[in-house]
Amino acid sequence: MIRQTNMEYVKLGNSDLRVSRICLGCMGFGDASIGQHSWTIGEEPTREIIHRSLELGVNFFDTAIAYQLGTSEQFVGRALRDMAKRDDVVVATKFLPRTDEEIQQGIDGRQHVLNNINSSLEHLGMDYVDLYIYHIEGAVKSLDVHLTADDIRYLEEPYMPHNLSGVMAVNKPVMNEEPVWVAASKNK
């Protein structure tokens, strides 16, 4: 349902993602009775905002598993499934570091990331996310994680200085082997 408007679209970094110049941040969406913010809005107002955003040509939506304990992802996912073709929108979500409880339970970084992406995909009701963001400095270099391109198209580390306009790593096969995360570069 994305309408053609005066919206400008750009390529995100060196990725193949074509995104609207405006990204709709979804931190304000979610069940206000749970999570860390009491000021979030419910599902119907979320749907209205997403509908209007799509009408105006916005195709880039940013949410996180932490936003209202995943209810932002749920609201956004349901709205997008009802209002847009999956290939017409770019969905970004984020995950946080392991909790002390997870560390005590022996959940390593790899399992933590896999648990989080699977939960996010379930919340969103989608088969993959376009951009997966880890909000911790230095995290991408330390991740020992094998994720397939079926789950995530791009991984971002927002606090790492780079000139790639937000794309830090690309999930792609190397020499006919299984997909692995490799540093993205403008020359590739």
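Modeller: Leaving out neighbours within four places in sequence, Ile-50 touches Leu-24, Phe-29, Phe-61, Val-76, Ala-79, Leu-80 and Met-83; contact here means heavy atoms within 4.5 Å. The model is predicted, so local features need pLDDT of at least 70 and side-chain atom pairs count only at pLDDT 80 or more, while totals for chains, interfaces and linings use all residues. Residues are numbered from 1 along each chain as its sequence is written, and side-chain values use heavy atoms, with hydrogens and water left out.

Ile-50 belongs to the largest nonpolar core, which has 26 residues; Ile-50, Leu-24, Leu-54, Phe-61, Leu-80 and Val-89 have the most contacts inside this core. At least two residues of this core come from each of helix H1 (43-55), helix H2 (71-83), strand E5 (90-95), helix H4 (109-124) and E6. Another core lies apart from it, with 8 residues, including Leu-17, Val-19, Leu-131 and Ile-133. A nonpolar core is a set of buried Ala, Val, Leu, Ile, Met, Phe, Trp, Tyr and Cys residues joined through side-chain atoms within 4.5 Å. Buried means under 20% relative accessible area, exposed over 50%, and partly exposed in between (1.4 Å probe, protein chains only). Helices (H or I, at least four residues) and strands (E, at least two) are DSSP runs numbered from the N terminus.

The buried residues of H1 are Thr-46, Arg-47, Ile-50, Ser-53, Leu-54 and Glu-55, and their cover includes strand E3 (23-25), E4 and H2. The 13 residues of H1 should span 18 Å at 1.5 Å a residue, and its end C-alpha atoms are 18 Å apart, which agrees; the expected span is 1.5 Å times one less than the number of residues. After H1 comes Gly-57, with a positive phi near 100°. In H2, the buried residues are Thr-71, Ser-72, Glu-73, Phe-75, Val-76, Gly-77, Ala-79, Leu-80 and Met-83. Their cover includes H1, strand E4 (60-62), E5 and H4.

Strand E6 (residues 129-134) holds Asp-130. Asp-130 counts as buried because its relative accessibility is 0%. Its side chain makes a polar contact with the side chain of Arg-86 (2.9 Å) and reaches the backbone nitrogen of Val-91 at 2.8 Å. A polar contact is a pair of N or O atoms within 3.5 Å; within protein, one must be able to donate a hydrogen and the other to accept it, and residues adjacent in sequence count only if both atoms are side-chain atoms. Arg-86 also lies over the face of Tyr-128, at 4.1 Å from the ring centre. For this, NZ of Lys or CZ of Arg must be within 6 Å of the ring centre and within 35 degrees of the ring normal.

The count of aromatic pairs comes to 1. The rings of Phe-95 and Tyr-132 have centres 4.6 Å apart and planes at 25°, so they are stacked. Phe-95 is in strand E5 and Tyr-132 in strand E6, 37 residues apart, so the pair links distant parts of the chain. Rings of Phe, Tyr and Trp (its six-membered ring) pair if their centres lie within 6.5 Å; planes under 30 degrees apart count as stacked, over 60 as edge-to-face and the rest as tilted. Phe-95 and Tyr-132 are both buried.
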